[in-house]
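Please read the points below against the model.

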Amino acid sequence: MRIDKFLWFTRFAGSRGLAQDWVSAGHIRLNGRRIERCSAGVKMGDVLVLPMRSRVTVIEILAIPARRGPATEAQTCYRVLEIPDQSPPAHAPA
């Protein structure tokens, strides 16, 4: 499935056009590689790095959606991967 269509189906982008703009800007990584083509394909097991407004979200694709359904259906198609906190602990010396 095309990456722009996946982002729209899973509700990360509000429209397919916005998904295409987001991908074309080069802000998304697929399996560690920067993606700039909307036609780049995604499959189960791929890892996407998505820069959101206030954070970076890393997801693993669990299933390819057949349609743009409700949010609960879309959320079953991916798993959010945890990123260890990169900031030093508050009690650590500087």
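1. Two strands count as paired if DSSP finds at least two bridges between them; strands (E, at least two residues) and helices (H or I, at least four) are DSSP runs, numbered from the N terminus. Strand S4 (residues 56–61) and strand S5 (residues 78–81) run antiparallel, joined by four bridges. Within this pair, Val80 of S5 is the bridge partner of Ile59.

2. The model is predicted: local features need pLDDT of at least 70 and side-chain atom pairs pLDDT 80 or more, while totals for chains, interfaces and linings use all residues. Numbering starts from 1 along each chain as its sequence is written, and side-chain values use heavy atoms, without hydrogens or water.

3. S4 also pairs with strand S3 (residues 47–51), antiparallel and over five bridges. The two form a hairpin with four residues between them. Here Ile59 is the bridge partner of Leu48.

4. Five of the six residues of S4 are buried (under 20% relative accessible area, 1.4 Å probe, protein chains only).

5. A nonpolar core is a set of buried Ala, Val, Leu, Ile, Met, Phe, Trp, Tyr and Cys residues joined through side-chain atoms within 4.5 Å. The largest has 19 residues, and Leu48 is among the five that touch the most other members, with Ile3, Leu7, Ile28 and Leu50. Elements giving two or more residues to this core include helix H1 (3–9), S3 and S4.

6. Leu48 has contacts (heavy atoms within 4.5 Å) beyond four places in sequence; among them are Ile3, Phe6, Val42 and Ile59.

Definitions and conventions: Buried means under 20% relative accessible area, exposed over 50%, partly exposed in between (1.4 Å probe, protein chains only).
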